[in-house]
Structures are given as structure tokens and as C-alpha cells.
Amino acid sequence: MRRLIPAAGALAVLSLAACSGAVRVDPPTPAGAAASACQKLATALPSRLDGAERVESEPRSPYVAVWGAGEIALRCGVDRPASMAATDQVSDLDGVAWYADPKLSTLFTAINREAYVEVTVSGKHVPGEVLVDLAGPIKSSVPE
């Protein structure tokens, strides 16, 4: 079994399950409006992202999407980033404000929405391109 550790703490450990090909991602447990928005987002996400095919996650969850062999992972309905301060700057990419964790260069969180959307991007991909590609589905599914 291959383990990928893109971020500690806030992001779950990803691992490639040898028998099923599914990527292990611990799903968040949003409630209320955040859960509804995340379920809507799940149906709007692309089947390919920056050249990587969408693959199954384990356990299956409407709050998780994975592309490649865990190269890109999205979790919708996560908690506010613990490391984010009110004075931190964020990047606006196509109308979505992204917080880049200063200690975890692969971890980005969309923060100006009803639900926080966390994305981990491996070194095989350009984070800006991935986040711009996710902006449309996030804007259409997760209200501000």
C-alpha cells in the first residue's frame, strides 16, 4: 500500500488501496446548508482535472473527490483552517478566495463560501491551474 501525506492535521492521510485502486481520504462531516452545498458541488466537479482522471475514494463520500492516484484531493465541508488568521492574505482566483497554508505548500482552502472547500495538490500539478479549474463548480454550487 502506498501512502501519500500531503498535509498533517487538517487534511486526512491519503493512501492508495492496493486491492481496489480507491484512494483513502477521511471525509468531513458537514451539516445543514454546508452539507447541501457540498452535495451539489459533488455533482458539478469535472471527471478530469489538470490531466488527471477522477478516481474512487474510500470510504465513498459526497464530500470527497480525488483525481489521479491521490494527486489532487478535494474535501468539502471541512473546518475553518486552524492556521488562518484574520489578517492573512488570500488569493482570488476567478471569484473564489483561496487561503494557502503557509506551512503546508500543497494545501489550499476556499474560504469565502458557505462551506470551506479544501484542496490538496501534489507537485505533479500547478496549483493555480487546478484552483482556477475548480472555481466554476465551486461558485455554481457553494454560495458565498
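**Exercise 1. Describe the disulfide of cysteine 38 and cysteine 76.**

Solution. Cysteine 38 and cysteine 76 form a disulfide, with 2.0 Å between their sulfur atoms. The term stands for a pair of cysteine sulfur atoms within 2.5 Å. A search of the whole structure finds one disulfide. Cysteine 38 lies in helix 1 and cysteine 76 in strand 8, so the pair ties together parts that are 38 residues apart in sequence. Helices (H or I, at least four residues) and strands (E, at least two) are DSSP runs, numbered from the N terminus. Then take the torsion about the S-S bond: it is about -75°, so the disulfide is left-handed.

The model is predicted: local features need pLDDT of at least 70, side-chain atom pairs count only at pLDDT 80 or more, and totals for chains, interfaces and linings use all residues. Residues are numbered from 1 along each chain as its sequence is written, and side-chain values use heavy atoms, leaving out hydrogens and water.

**Exercise 2. Decide for cysteine 38, cysteine 76 and alanine 82: buried or exposed?**

Solution. Start with the cut-offs. Buried means under 20% relative accessible area, exposed over 50%, partly exposed in between (1.4 Å probe, protein chains only). Cysteine 38 has a relative accessible area of 1%, so this residue is buried. Cysteine 76 counts as buried because its relative accessibility is 1%. Alanine 82 is at 83%, so alanine 82 counts as exposed. Alanine 82 is found in the loop between strand 8 and strand 9. Now look at the chain: 46% of its 144 residues count as buried.

**Exercise 3. Work out the strand order of the open sheet.**

Solution. Count the elements of the protein chain: two helices and twelve strands. Eight strands make up the open sheet, in the order 4-5-7-8-12-11-10-9, with antiparallel pairing. Two strands pair if DSSP finds at least two bridges between them. Check the edges: strand 4 (48-49) and strand 9 (91-93) each pair on one side only. Take one pair inside the order. Strand 11 (residues 107-110) and strand 12 (residues 116-121) run antiparallel, joined by four bridges. Threonine 109 stands opposite glutamate 118 in strand 12.

**Exercise 4. State which strands helix 1 lies across.**

Solution. Helix 1 spans residues 32-44. This helix lies across strand 5 (52-55), strand 8 (72-78) and strand 12. Its angle to strand 8 is about 155°. Axes are lines fitted to C-alpha atoms, for helices over the stretch in contact (heavy atoms within 4.5 Å). Angles run from 0 to 180 degrees between N-to-C directions.
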